[in-house]
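Please work through the following exercises on surface and charge contacts. Each task is followed by a stepwise solution.

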Amino acid sequence: MKFSRSVPISLVLALFATLALTGQNENNLVQDSIIPLDSDAGFVWDMSFAFKTMNVFRGLLPSKAPALSTKAGFKAGNIVVGAYGGASFNGGYTETDLILMYYRPKFYIRADWYYNFTEGITNIPTPSGFFDFRPDITRGLLDFMVKVKPARNIELMSSTLLYGRDRPPLPEDEAAGIPLRRGEQRYSQYLKLQYNWVNEKFKILFHAAYSFSWNDPSGETFYGENPGFTDLGVTFYRKIIDTKTISIPFKASLYWNTVSNQVYLVGSLLLIEITKL
């Protein structure tokens, strides 16, 4: 694996320097995550079910069609174990993820194994199995994440794709039109800053994320053809129904990938809300 001084070290240092700062507990407004959690609770479990007009992941578009997603998990002490499943209405997108997390109110450390069954999502046409970890054919991705909350309304998150299909086709194969073999792991890095504006009736999230490759800091990443701001956006959140017996939140999110110059507007309706996790 190659490293270079051209990596934006200031971004990395800014992220991890916040570990020494203080913060507030996360609130219970829904996000695309299995947290927030009540750190004082013992063993708790919960699940959710959501409808999305499309599925956007860090400035990428796994599913152009409307999709359904389910999350379920449990927390014992500071450990969270969970799973995510998603599928589009047209059958083009199918994904299953496993989640393992160490959670504290001011930060978490998390590892996810993403597995995508979607045709065309990789250069390997046929899924070889969820637990097939061979790097030359797996459809899985191992994502190591650290998230900190240095202030009440500010969140910083680092994601590094450590293993799996974050590998480009070999140049000679791509030139010949047969991109079946994979090159070196890119170790794509994703650094995200988020500001949360919270009101009694709604919440607005502003975020900016920069991506680069540890293997080749000036080259292609999992999120784009070159390093850059691959995920800029704003999310508006409110509960369209909120009674003693039922609560249905709605989110509208606008994403801009400046590297691919793509913009997406996504609506999400949470039909069953995670309340304990």
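Buried means under 20% relative accessible area, exposed means over 50%, and partly exposed lies in between (1.4 Å probe, protein chains only). The model is predicted: local features need pLDDT of at least 70, side-chain atom pairs count only at pLDDT 80 or more, and totals for chains, interfaces and linings use all residues. Residues are numbered from 1 along each chain as its sequence is written, and side-chain values use heavy atoms, with hydrogens and water left out.

**Exercise 1.** Classify Arg186 and Glu220 by accessibility, and describe the contact of their side chains.

*Solution.*
Step 1. Arg186 has a relative accessible area of 10% and is therefore buried.
Step 2. Glu220 counts as partly exposed because its relative accessibility is 41%.
Step 3. A salt bridge requires a side-chain nitrogen of Lys or Arg within 4 Å of a carboxyl oxygen of Asp or Glu. The side chains of Arg186 and Glu220 meet in such a bridge, at 3.6 Å from N to O.
Step 4. Arg186 lies in the loop between helix 2 (171–175) and strand 10 (188–198), and Glu220 in the loop between strand 11 (202–213) and strand 12 (228–242), so the pair ties together parts 34 residues apart in sequence. Helices (H or I, at least four residues) and strands (E, at least two) are DSSP runs, numbered from the N terminus.
Step 5. A network of salt bridges links Asp166, Arg186 and Glu220.

**Exercise 2.** Determine how many salt bridges the structure holds, and examine the pair Arg58 and Asp143.

*Solution.*
Step 1. There are six salt bridges in the structure.
Step 2. In one of them, the side chains of Arg58 and Asp143 meet at 2.9 Å, N to O.
Step 3. This pair links distant parts of the chain, 85 residues apart: Arg58 is in the loop between strand 2 (55–57) and strand 3 (60–63), and Asp143 is in strand 8 (residues 140–151).
Step 4. Both Arg58 and Asp143 are buried.

**Exercise 3.** Which strand gives the most to the nonpolar patch?

*Solution.*
Step 1. Patches consist of residues with over 30% relative accessible area and no salt bridge; like charges are joined within 9 Å, and nonpolar side chains (Val, Leu, Ile, Met, Phe, Trp, Tyr) within 5 Å.
Step 2. The nonpolar surface patch covers about 980 Å², and its members include Phe43, Trp45, Met47 and Phe74.
Step 3. Strand 1 (43–52), strand 5 (79–88) and strand 6 (94–104) each supply at least two residues. Strand 1 gives the most, with three residues.
Step 4. Phe74 is found in strand 4 (residues 67–76). Phe74 is partly exposed, with a relative accessible area of 33%.

Key: Accessible areas come from the Shrake-Rupley method with a 1.4 Å probe; for residues, only the protein chains shown count as cover.
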